[in-house]
Amino acid sequence: MSVKCQMSKTLQITVTDEVAQQIKALMAITGHERPGALINLLVRRYGQDLARCMSGDVLSAQDVRVQPSPVASLPTQDNVPLPHENVLSTQDIVPTSQDISPGDAFLAMDFDN
Amino acid sequence: MTLTAQSIPISTLASAKHTRLVSFENSNSFLKRHDSEGSLVIAAGHRENPSVHAHTDDENPIVILEGQRPRWYGARVCQGDHVSNSHRSKIETARESFAACLRPSDDGRDLIVIASHWDKPALEALKVALQGQYKVIRNGVKIQCAVTQVIPTMEGLGSYHSAKSQLKDGSTLLIELGYGTAEIWFIDEMGRIVDGAPVTRLGVINLVKAIADDPTVRALTQDNSGTVNLSAISQALQQDTLGKISAANWQAIKAKYASEFLKDFQGYLRTQHANHLQSVSNLILTGGGACLLSSIQPKLSQVFIVPHQPQTASVRGAYERQMSNV
């Protein structure tokens with residue numbers, strides 16, 4: 001099972017159900033209202049630059065939060081472009097935070113809202 | 001002749017005083033003490049030779065140490081012109097700062113002092129600086145005592161002990177947000193500091209300076225020389241208003257700059273400690289900055305453990321940790 005995410009007007013990616021659950025769980029903790037902002041943050045953080053994604057790409061858990069980036073200079077929330085539109089529509093996803101470290105949850109917090 | 005309890009006059013027995021254990025932290029912004037009577041926090045700035053109208057109390061004492069000029073310490077002094085400790089080393093100011101924190105009930109006692117400091121190589125020098133006899137007049141009361149033993153300890157361990165009952169199994173990232181610096185410590189599951197350092201960029205003073213540079217704040221609070229009193233802003237962060245700024249505007253200003261501060265904080269941890277952050281089981285946020293930021297941004301408590309009364313968690317925890325070893 002997978003979930004389609006409209007990241008911008010021209011980019012639609014798909015995330016696996018596992019990723020969708022992680023995103024949902026993070027949203028419950030960090031207060032992000034749009035899943036795309038979190039996906040952007042997590043994908044870029046781990047070096048899988050979203051700009052290199054193509055419409056139709058499928059992001060698995062491997063792509064978003066397993067290994068830290070080898071890139072020394074990691075982006076801050078300030079320079080992460082926010083998508084115009086984000087859609088994460090999945091039924092029956094139960095938020096759970098048990099697999100997310102408090103450190104990751106803090107890094108993903110959105111202090112603009 | 002051998003003295004026994006029976007041979008000592010009753011009047012002498014009644015006045016004999018026990019050695020007292022005291023926990024002390026000489027921060028550049030606040031002097032903190034904890035013992036069996038509770039915690040004492042004194043804003044670290046002082047003014048020499050205060051006027052007769054100076055209003056004193058336990059947190060705003062006038063202290064005369066061994067013939068020196070009288071010094072008035074505390075938050076009231078810091079509202080106006082004052083001498084700050086921030087340009088002097090904590091070793092240099094340790095003795096006078098500790099003298100400012102003495103209690104009348106210390107008179108005649110030997111004190112064992114647990115002294116907290118973030119700088120491990122400086123702990124021995126701190127020990128030497130604090131030991132010895134003290135002859136002090138504090139708020140008109142003569143206090144004569146001796147520090148007979150100093151137990152130096154790393155600053156973060158006290159806060160760790162304060163939060164221990166709330167921790168999950170595993171390692172901990174502890175962030176002690178002070179005024180001038182923040183200390184970031186990685187503590188293993190055995191309670192040992194295994195990595196970390198002080199970070200001046202994350203001290204609360206950076207938030208205070210950013211607020212002082214806000215055009216609205218500058219326009220409404222600067223004096224004739226164009227200076228904004230950072231101590232007044234620092235104190236107002238815990239309050240509902242600042243000078244002529246309305247309560248609503250002050251809340252908005254605080255929220256705006258706290259948000260910027262927290263994003264910088266995130267950016268620092270992301271670039272410097274991403275690996276550690278993934279593996280720790282606990283995040284502790286403590287120190288005066290923890291009290292401040294968690295009140296402005298309540299969502300922090302969703303991921304951080306904030307000890308009860310975080311500003312004094314370090315001195316209280318160091319005291320309780322030592323007592324638990326007795």
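**Figure 1. B:Leu157 counts as buried, with 20 C-beta neighbours inside 10 Å.** The model shown here and in the other views is predicted. B:Leu157 sits in helix H5 of chain B, which covers residues 155-163. The cut-off for a buried residue is 20 or more such neighbours, so B:Leu157 qualifies with its 20. In sequence, B:Leu157 and B:Gly317 are 160 residues apart. In space, their C-alpha atoms are 7.6 Å apart. Beyond its neighbours within four places in sequence, B:Leu157 is in contact with B:Ile193, B:Ala318 and B:Arg321.

**Figure 2. B:Leu202 is a buried loop residue of chain B.** The loop in question runs between strand S12 (193-199) and helix H6 of chain B. B:Leu202 has 23 C-beta neighbours inside 10 Å and therefore counts as buried. What does B:Leu202 contact, leaving aside its neighbours within four places in sequence? The partners are B:Leu177, B:Ala182, B:Phe265 and B:Tyr268. B:Gly191 is eleven residues from B:Leu202 along the chain. The C-alpha atoms of these two residues are separated by 24 Å.

**Figure 3. Helix H9 of chain B is kinked at B:His273.** H9(B) takes in residues 247-279. The kink is about 95 degrees and is centred on B:His273. A straight helix of 33 residues would span 48 Å at 1.5 Å a residue. H9(B) spans only 41 Å between its end C-alpha atoms. The buried residues of H9(B) include B:Trp250, B:Ile253, B:Lys254, B:Tyr257 and B:Ala258. B:Phe261, B:Leu262, B:Phe265, B:Leu269, B:Arg270 and B:Leu277 are also among them. In an α-helix, residues three or four places apart point the same way, because there are 3.6 residues a turn. Which elements do the buried residues of H9(B) pack against? In chain A, the partner is helix H4 (102-107). In chain B, the partners are strand S10 (172-177), helix H6 (204-212), helix H7 (215-221) and helix H10 (288-296).

**Figure 4. Strand S7 of chain B pairs with S1(B) and with S9(B).** S7(B) comprises residues 110-117. Six of its eight residues are buried, so S7(B) is largely enclosed by the rest of the structure. Strand S1 (residues 20-26) of chain B pairs with S7(B) in the parallel sense, over six bridges. Here B:Leu21 has B:Ile112 as its bridge partner. Strand S9 (residues 141-154) of chain B also pairs with S7(B) in the parallel sense, over eight bridges. In this pairing, B:Val113 is partnered by B:Val150 of S9(B).

**Figure 5. Strand S2 of chain A pairs with S1(A) and with S3(A).** S2(A) holds residues 12-16. Is the pairing of S1 (residues 2-6) with S2(A) parallel or antiparallel? The two strands run antiparallel and are joined by five bridges. A:Cys5 stands opposite A:Ile13 of S2(A). S2(A) and S3 (residues 58-59) pair in the parallel sense, over two bridges. A:Thr14 stands opposite A:Val58 of S3(A). A:Ile13 and A:Val15 form the covered face of S2(A). The uncovered face holds A:Gln12, A:Thr14 and A:Thr16.

**Figure 6. Chain A has four helices and three strands.** From the N terminus on, the order is β-β-α-α-β-α-α. Chain A has 113 residues, of which 36% are buried. Among contacts in chain A with a separation of 6 or more, 70% join residues 24 or more positions apart.

**Figure 7. B:Asn49 and B:Gln309 have positive phi values.** Most residues other than glycine have a negative phi. The phi of B:Asn49 is near 45 degrees. B:Asn49 lies in the loop between strand S4 (46-48) and strand S5 (62-65) of chain B. With 10 C-beta neighbours inside 10 Å, B:Asn49 counts as exposed. B:Gln309 has a phi of about 45 degrees. Its loop lies between H10 and helix H11 (313-325) of chain B. B:Gln309 is partly exposed, with 14 other C-beta atoms within 10 Å.

**Figure 8. Chain B is divided into two domains, domain 1 (17-153) and domain 2 (168-304).** Their centres, taken over C-alpha atoms, are separated by 26 Å. Ten residues of domain 1 are in contact with nine residues of domain 2. The side of domain 1 that touches domain 2 has four nonpolar, six polar and no charged residues.

Note on methods: Residues numbered from 1 in each chain as written. Chains lettered and ligands numbered in written order. Predicted model: local features only at pLDDT ≥ 70, side-chain atom pairs only at ≥ 80, totals over all residues. Buried ≥ 20, exposed ≤ 12 C-beta atoms within 10 Å, placed from the backbone. Pairing = 2+ DSSP bridges. Expected span 1.5 Å × (residues − 1). Bend = angle between axes of the 7 residues up to and from the residue. Contact = placed C-beta atoms within 7 Å. Domains from an automatic or database assignment. Nonpolar A, V, L, I, M, F, W, Y, C, P; charged D, E, K, R; others polar.
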